[in-house]
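Subject: Model for your files

Hello,

Please find the sequence and the structure below.

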Amino acid sequence: MTGRPKERIAEVLTRWLTREKSATEVPLSNFDRLRHEIRPCDVILVEGRTRVSDVIKLVTQSRWSHAALYLGRIHEIESPFTRKRIQAFFDGQPDTQLIIESELGLGTIIRPLSTYDRDHVRICRPRELTFQDSQSVIGFAVRQLGSNYNVRQILDLFRFLMPWSILPRRWRSSLFKTHPGKQTETVCSTMIAEAFGSIQYPILPLVKKTSEEGLKLFRRNPKLCTPSDFDYSPYFDIIKYPFVDFSHSNTRYRLLPWKGNARLTSEEHGYYLDDAPVPHDRFE
């Protein structure tokens with residue numbers, strides 16, 4: 001390791017926080033179906049497998065610890081400037097399906113969609129988004145490439161969600177303060193929220209009603225946006241691709257493989273039940 005002691009310690013902590021646990025043998029999501037049906041500007045929620053993911057899940061009280069924005073293939077992007085900038089940060093095959101995301105230790109980067117082929121993921125699709133607006137969102141996000149990951153913002157979010165009365169004033173959140181020199185730092189959901197905010201697309205706005213002007217919307221501070229907000233938003237459709245699907249029939253779920261020779265590990269006992277469920281009509 002090179003650099004000052006503080007930087008060396010940060011590198012060690014980053015590696016420790018971002019070390020991934022092994023993926024499950026059979027993921028909950030059907031990636032093959034997802035990659036064929038995903039659309040540009042879809043937000044991908046990920047149930048992460050790192051230590052920092054566990055921290056984010058705890059802070060946000062959600063299973064979704066990470067969010068990425070789907071860009072599509074390079075030739076599907078309209079702007080020559082955006083295509084050129086992507087190529088400057090990603091040296092891969094032109095037909096690769098691409099995402100943009102902000103990650104601890106890496107900053108804002110381009111990756112193949114296949115990065116999450118073994119993870120539990122969910123798609124949040126912005127409702128009725130026009131093609132031109134989707135290209136604007138993608139263009140805004142791509143301009144953030146190279147930005148650093150703002151670790152302080154995660155800590156600030158934790159402090160912001162804590163009751164003020166039990167924290168000393170000097171420990172309270174500084175989310176709403178300006179930090180000179182920090183404009184080039186971001187986190188995954190903040191970057192995506194700012195991209196949608198650039199076209200005034202709502203995520204979780206505050207709605208106020210006045211007798212004089214009717215309804216008025218207020219944009220939420222993007223620094224407060226978490227991955228689960230896209231799941232909760234009424235303006236995003238939730239699309240799931242379960243690995244074992246029964247959606248083709250109203251009773252197909254009764255054919256799910258609840259029985260078999262597989263057994264739970266000692267860690268899994270307590271979280272799951274080893275006995276097969278009995279169909280309701282067995283009691284009739």
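T96 sits in the loop between helix 4 and strand 3; helices (H or I, at least four residues) and strands (E, at least two) are DSSP runs, numbered from the N terminus. This is a predicted model, in which local features need pLDDT of at least 70 and side-chain atom pairs count only at pLDDT 80 or more, while totals for chains, interfaces and linings use all residues. Residues are numbered from 1 along each chain as its sequence is written, and side-chain values use heavy atoms, with hydrogens and water left out.

T96 is buried, with a relative accessible area of 17%. Buried stands for under 20% relative accessible area, exposed for over 50%, and partly exposed for what lies in between (1.4 Å probe, protein chains only). Not counting residues up to four places away in sequence, T96 touches G72, R73, F90 and P112; contact is taken as heavy atoms within 4.5 Å. A polar atom of the T96 side chain lies 2.9 Å from the backbone oxygen of Q93.

**Helix 5**

Helix 5 covers residues 131-142, 12 residues in total. From its first C-alpha to its last it reaches 16 Å, close to the 16 Å expected at 1.5 Å a residue; the expected span is 1.5 Å times one less than the number of residues. Its buried residues are S134, Q135, V137, I138, G139, F140, A141 and V142. What do the buried residues of helix 5 pack against? They pack against strand 2 (66-72), helix 4 (80-89), strand 3 (98-103) and helix 7 (188-197).

**Salt bridges**

The structure holds 9 salt bridges, each being a side-chain nitrogen of Lys or Arg within 4 Å of a carboxyl oxygen of Asp or Glu. Three of them are described here.

D42 and R125 meet through their side chains at 2.8 Å, N to O. This pair links distant parts of the chain, 83 residues apart: D42 is in the loop between helix 2 (31-37) and strand 1 (43-46), and R125 is in strand 5 (residues 121-126). D42 is buried at a relative accessible area of 1%, and R125 is buried at 12%.

R63 bridges to E47, the closest N and O atoms being 2.7 Å apart. R63 lies in the loop between helix 3 (51-60) and strand 2 and E47 in the loop between strand 1 and helix 3, so the pair ties together parts that are 16 residues apart in sequence. R63 is exposed, with a relative accessible area of 57%, whereas E47 counts as buried at 14%.

D231 forms a salt bridge with R122, with 2.8 Å between the closest N and O atoms. Here D231 belongs to helix 8 (residues 227-232) and R122 to strand 5, and the two are 109 residues apart. D231 counts as partly exposed at 23% relative accessibility, and R122 is buried at 14%. Salt bridges with shared partners also join E101, E103 and R111 into one network.

**Cysteines**

There are 0 disulfides, a disulfide being a pair of cysteine sulfur atoms within 2.5 Å. C124 is buried, with a relative accessible area of 0%, and C225 is buried as well, at 8%.

**Positive phi**

Most residues other than glycine have a negative phi. E128, in the loop between strand 5 and helix 5, has a phi near 60° and is exposed at 75% relative accessible area. Q200 has a positive phi of about 60° although it is not a glycine. Q200 is in the loop between helix 7 and strand 8 (206-210) and counts as exposed at 70%.

**Aromatic pairs**

The structure holds 4 aromatic pairs. Rings of Phe, Tyr and Trp (its six-membered ring) pair if their centres lie within 6.5 Å; planes under 30 degrees apart count as stacked, over 60 as edge-to-face and the rest as tilted. The ring centres of F196 and Y201 are 5.7 Å apart and the planes stand at 50°, so this pair is tilted. F196 and Y201 are both buried. F196 also pairs edge-to-face with F236, at 5.3 Å centre to centre and 80° between the planes. F196 lies in helix 7 and F236 in strand 10 (residues 236-239), so this pair ties together parts that are 40 residues apart in sequence. Ring pairs link F196, Y201, F230 and F236 into a cluster.

Regards

Key. Polar contact = N/O pair within 3.5 Å; in protein donor to acceptor, adjacent residues only side chain to side chain.
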